[in-house]
Structures are given as structure tokens and as C-alpha cells.
Amino acid sequence: MTEAPAPAPSADRPRRSGFKFSLFAPRVDVLGGGLPMWRLLLAFLGPLLLSNVLQAASQAIAAVWVGRLISSKALGATSAGFPIVILLVSVVIGAASGGAVLVAQAFGAGDRAKVTRIGATVLRATLYASVAVAIAGFFGSSRLLALVGTPAEIMGLADAYVRCVFLTVPVLALYGVYTTLLNGTGDSVTPFTSLLISSAVAVVVAPFLILGWFGLPKLGVPAVAVAALIGNLTALTWLLLRLHRRDHPLKLGRELAGDVRLDWTILGKVARIGLPSTVQSSLFSVAEIVVLSFINHFGWSATAAYGAVVQVASYAQFPAIAIGTASSVFCAQCIGGRRVQKIGDVVRAAVALNYCIGVPLVVLCYALRWPILGLFITDPHTLRVADESLRIILWSIVVYGNTAALTGIMRGSGTVLWPTIFSIASVWAVEVPASFVLMHRFGLDGVWAGGPIGLCAALLFNLAYYELVWKRAPRERLV
């Protein structure tokens, strides 16, 4: 491919000659600066990784509030509803991944107007879809919980919690999509700062609403969802004001808010990238529900242990999730700026950072797993169950990080179909059957063992496709 000249800096892109390496650079420009790719990637990863940590920390603290201020059964109730909520929310937010790729390519090309048009279409579509999800989820909550075999002891609590969460979906979706699109412009600091605001508000408000302090209503389990809504509204308001002051191409101006119509050409391109990812996320969530139904057979203590294990494991996944996102953004900017020769540098840097960050973090989680799990669980039997389950799955998160780097790179180029097929196959053709078969031989440990088996299969499938097919194909802009 003949290399075209790099676009001139514009108002929405920093001058490359002025970029200085910092873990909190306002915006990382992968096309310039003359720095090694791993340093550019790390500059973007810093706030992105901290955002993931902060998000899970706020969820973990919410779980601590529920488990300690209410009961272990209440924690089990929130755990039972978690995969259902993720399933329907992923249908909405999954489309943002396609929008972020298009935004990154338009940003790499220096096209401010196109960044705005893409953002407007994605945000409008998100609003319409999230309202539909909220309505469907609210009225279908009890049926969904019954479908996954939620234990009768916690059904009432779980239903109250899930209904409340679904009512907050439109705000959650808009906030999540906005921050995802900002990542596409190379800005990971603004999403981090907004998340800091959201998490701080939610964590402080939650115990007041759980216990009804200072005359506030005593909401019990739904208090966590209400506190999260207040936090997200606060952060979204701050985010919109900040973008307006910076005259950002994604600010809430006339083009974003003044028209209810959708640009179907852009939406089609977003769907081409985002729909497979949405299907993948949805099917992953369904698989999680199926696995949870296996776990529910072992009683409420196993369900409560599941909630704690998911909280702890999510921390170890942060490098993988952040690296996958960063890889996608960097690859898309390289293609948009016609610097495809840099993509190989992105791949090598992403995979290396996954192991350099992920391995020490997993080792630390293994070493501290008992006291960490003790933050969520007070019942000795449930604590032992959670400890054994976490030991089985924790190591495989590093494998997941390698897969995330490869699929992120391919997604940044618009290649999503085959990586999605391979990832879905690793779950439904490998993980779920393995969990089912091993459950009958090893009990609850067998259910958890299916996860690592599926993650190893996903890496093998995607690595083979990347080496044999993707690397040999030409790279072209999507916008």
C-alpha cells in the first residue's frame, strides 16, 4: 500500500511535535511524537487501566455494603441478577465499540466534522435502544430470574434489585457510550476523571440509602442501584460541561442534541463493527447465565461465592480489558492516518504489556485472595467455597489478555466477524459443555474449570486467524 502524507494538525488534534510522555497525557497521538510504541500505549493505558480499577472498586465497595450492612443473602441476590443485567445492557453498549473505531479512524484522519457526525448517530441510537431495554427488563425481571433458577430464598430481593437497575439503564448506557467514544479520540483522562466523580458519589451515597440515615428512605438492596444512578448523572453532567468548555467535537451541541434522526449510512458502518461485538457480548452473558444456573444448583452460598469471585477476578482482568481497548484505538488511528506500518509495533507492545502487567497482578491476587474475599463474605463456608473457585480460574486471565490484544487490533481495522465467531465458539462449544460435563464429575469445581478451558481455546482460535489470514490482508479506512 502506498503511504499517503499525514494530515495536518487541526483544532481537535494535538501538534505531534509538542507531545510529551506522561501517564496522564490529555490525549495520546499514536501517529507522532517519535516515542517507542510501548510508551505511547502505556500513556493511554494509565488512565484507562485506572478507570477499570476504579469502576470495579466502586462495585466491590457496593458489594461490601450489601454483604455487611444487609446480609450474605442480599449479596447473593445482587449476584443472581448481575448476568441478566449485563446481558441486556451489552446489547446497548456493545454498539459503542463500532462507534469508537469509526471515531478513532476519523480522528486519525483529522476530520473533526466526521467525528461529530459519528458521535451524534451513536448517542441517539444508544438513547432509543436503552429506553427499550429498560422497559423490557423492568417488566421481565421476575421471569428472567426464574429462568436461571434463582434460589427461592433470595428471589424477592433479586427481583427488587434487578427492576431498579433496569430503570437506570438509559443513563448508564449514555454515560458508558460517551466515555467509549472519547477513548476513540485518544483521550482516556477525561473518562477517568468522570468515573472518579461517579464512583465517589455512588460509594458515599449507598450506605445512606441502605440504612436510611439522616431521614433518607431506607431502600435496602435497591439502594446500590439508586446510588449508582445518582453517581452516573453527576458524572455525565460534569462530562458534558467539560466537553462544552473545550469545544470538543463530541460536545452536546446542535448536531448531537438538536436532531432526533439517525444517519443510517454511519449507523450501518457502526453496526458492521459493533453488531458482531454486541452479539458476542450478549451470547457471553447468556453463557454466564447458563453457568450461573449450574452454580445455583449448589445452593445460595455457592451463588454468593460466585458474586465475590466475580468481583475479585474483575480486578485481574483490568490490564486485559484496557489493552484490548487501547489496541483497537491505536490500530484504528494508524489506519485513519495511513500509517499501517505502525500496526505491528502496536501488536508487539500490547502483548508484551499484557504479560508485564497481568502476570504480577495475578500473582498478587493469588497471594491475597483470602483476605480480599473476606471483605465480601463473612460466612466461613461460603468463604471456603469462594477461595477454591478463585484458585481455579485466576491464572487464565493472563491468557484472556493475550486474546484481547489480538482481537482489539483486528477490531480496530473493522475485522470483527471471524474473531467474534471464534470467541463465541470458545464459550459455547468449549466452556459451557466443559462446565456441564465436569460439574457431574467434580461438582462445583468442575463448573469453574470450564472457564480456563474456554479461554485457552479462544486464544488458539484467534491467534491462528491473526497469523494465517489477517496479517496478509490489506488495510483500508472505513470512513
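The model is a predicted one, in which local features require pLDDT of at least 70 and side-chain atom pairs count only at pLDDT 80 or more, whereas totals for chains, interfaces and linings use all residues. Residues are numbered from 1 along each chain as its sequence is written, and side-chain values rest on heavy atoms, with hydrogens and water left out.

Glycine 412 belongs to helix H15, helices being DSSP runs of H or I with at least four residues and strands runs of E with at least two, numbered from the N terminus. Residues up to four places away in sequence aside, glycine 412 touches Val101, Gln105, Ser328, Cys331, Ala332 and Ile335, a contact being defined by heavy atoms within 4.5 Å. The C-alpha atom of glycine 412 is separated by 8.2 Å from that of glutamine 333, which is 79 residues away along the chain.

For the protein chain as a whole, the secondary structure consists of 17 helices and zero strands. Of its 479 residues, 56% are buried. Among contacts with a separation of 6 or more, 80% join residues 24 or more positions apart.

Asparagine 462, in helix H17 (residues 444-468), is buried at 0% relative accessibility. Its contacts, apart from neighbours within four places in sequence, are Thr403, Thr407, Met410, Pro419, Phe422 and Ser423. Asparagine 232, in helix H8, is buried at 11% relative accessibility. With residues up to four places away in sequence not counted, asparagine 232 touches Val171, Leu172, Tyr175 and Ser198.

Aromatic pairs were then considered. A pair of aromatic rings is described by the distance of the centres and the angle of the planes. Rings of Phe, Tyr and Trp (its six-membered ring) pair if their centres lie within 6.5 Å, and planes under 30 degrees apart are classed as stacked, over 60 as edge-to-face and the rest as tilted. The whole structure contains ten aromatic pairs. In one of them, the ring centres of phenylalanine 294 and phenylalanine 436 are 5.8 Å apart and the planes meet at 50°, so the pair is tilted. Because phenylalanine 294 lies in helix H10 (residues 264-296) and phenylalanine 436 in helix H16 (residues 417-442), the pair ties together parts that are 142 residues apart in sequence. Phenylalanine 294 is buried at 9% relative accessibility, whereas phenylalanine 436 is partly exposed at 42%.

A tilted arrangement is also found for tryptophan 418 and phenylalanine 422, with ring centres 5.6 Å apart and planes at 35°. These two residues are four residues apart in helix H16, so that about one helical turn separates tryptophan 418 from phenylalanine 422. Tryptophan 418 is partly exposed, at a relative accessible area of 43%, while phenylalanine 422 is buried at 18% relative accessibility. Ring pairs connect Trp418, Phe422, Phe461 and Tyr465 in a cluster. Phe422 of this cluster is also one of the contacts of asparagine 462.

Elsewhere, arginine 163 lies over the face of phenylalanine 138, at 5.1 Å from the ring centre; a charge sits over a ring if NZ of Lys or CZ of Arg is within 6 Å of the ring centre and within 35 degrees of the ring normal.

At least two lining residues come from each of helix H11 (300-336), helix H12 (343-367) and helix H15 (397-412). By class, this lining comprises six nonpolar, two polar and no charged residues, with Ala, Val, Leu, Ile, Met, Phe, Trp, Tyr, Cys and Pro counted as nonpolar, Asp, Glu, Lys and Arg as charged, and the others, Gly among them, as polar.

Note on methods: Buried means under 20% relative accessible area, exposed over 50%, partly exposed in between (1.4 Å probe, protein chains only).
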